[in-house]
Amino acid sequence: MPYAPIQAISRAKLTEMAEARWQTVAAARPDLAPALDLQRQLLGRVADAAAALDAGRLPRLSLPPKYLAAKLRRGVPALAGEPIPVPMTLLGPVAVQLADALAHGGAGDTASHIRDALQNGSIEAASLLTASLHRDQTALRTGAAHRGLSPDLLWLVAELAVSPFAHALQRSLFVHAAGPELQHALGTWNHGYCAACGSWPAVAEVVAGHRTLRCSFCSAGWELTTYACIYCGESGEKFVTAAPNEERKDRRLEVCSTCGGYLKTVDLPELSPFPLLSISDIETTDLDVAAMEHGYGRPALKEFAKRG
Ligand SMILES: [Zn+2]
Ligand SMILES: [Zn+2]
């Protein structure tokens, strides 16, 4: 099935799974210990927010399955251009906590300036999280530049804070998707970007031979019907899959010399539940380094028309 539902699991089980994976990563890569400690802090807050969202009610969206199916058939992600109110009572404080955790976890003043700007209102948190939900990097960068804040770190804070909501929306629209038309449109989605939010995957998780792309923002999982570059569709000699580390054939890079893009793929016993995908991402940072050393990169986010 091209569209893979990601299991929802309890908060306690999630902690257990995350700890087991962090310990494995730390044993193999002691140098990552500080990064893993920070990730523990950040993901703990994200997971708490996700649990709180699960326990509450999502805003009612007027996105009928037929309308979404038509949108997907045009290659436009479901959430693109839709006015969706972000639950700020819950997620506003999460953004502040995340910036604070980053400030104490190595990002220092760059992060504490963002925390302070959120707290004193010089950055309006609702606009920030809405821009992130809409994957509007331009708006966010402009806002950061006007206030002398780091655009990359501001993007990270906003993305982490709103990701539980993006994940919940994606699940409510797709996993519980009503109607054969939407199911069919999802089943035949053959783009490298996410059908829910339009982001590129963080990694591909390969479980039992199935190469599942995992959205870097909402964690959606989907398989393509073709084995090709996820960015440009190249499937010939210019598209190569290789394991940079001979001893770790379970972690590979797909590189494409047509568009210069790369994708990390990692073999796993099961797909990572939200928000543990970032663990697959952090444990493969050596692959990012290897790809970038050879001149490969990841393309910018795709832009979609403001209105579906
Ligand atoms: Zn997504
Ligand atoms: Zn390509």
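These legends describe close-up views of a predicted model. Local features need pLDDT of at least 70 and side-chain atom pairs count only at pLDDT 80 or more, whereas totals for chains, interfaces and linings use all residues. Residues are numbered from 1 along each chain as its sequence is written, and side-chain values use heavy atoms, with hydrogens and water left out.

**View 1. Helix H2 (residues 33-55) packs against helix H7 (residues 151-175), with axes that come within 9 Å and cross at roughly 35°.** Helices are DSSP runs of H or I with at least four residues, and strands are runs of E with at least two; axes are lines fitted to C-alpha atoms over the stretch in contact, with angles from 0 to 180 degrees between N-to-C directions. Leu42, Val46, Ala49, Ala50 and Leu53 of H2 meet Leu160, Ser163, Pro164, Phe165 and Ala168 of H7, where contact means heavy atoms within 4.5 Å.

**View 2. Seven strands form an open sheet with mixed pairing, in the order S1-S4-S3-S2-S7-S6-S5.** Two strands pair if DSSP finds at least two bridges between them, and the edge strands, S1 (3-4) and S5 (239-242), each pair on one side only. Strands S6 (residues 251-256) and S7 (residues 262-267) run antiparallel and are joined by five bridges, with Leu253 opposite Lys264 in S7.

**View 3. Cys229, Cys232, Cys256 and Cys259 coordinate the zinc ion (ligand 2) through their SG atoms at 2.3 Å.** Donors are N, O and S atoms within 2.8 Å of the metal (3.2 Å for Na, K and Ca), and sites may look incomplete because water is not among the atoms. In sequence the donor residues are spaced C-x2-C-x23-C-x2-C. Cys229 lies in the loop between strand S4 (221-223) and S5, and Cys256 in strand S6, so the pair ties together parts that are 27 residues apart in sequence.

Methods. Chains lettered and ligands numbered in written order.
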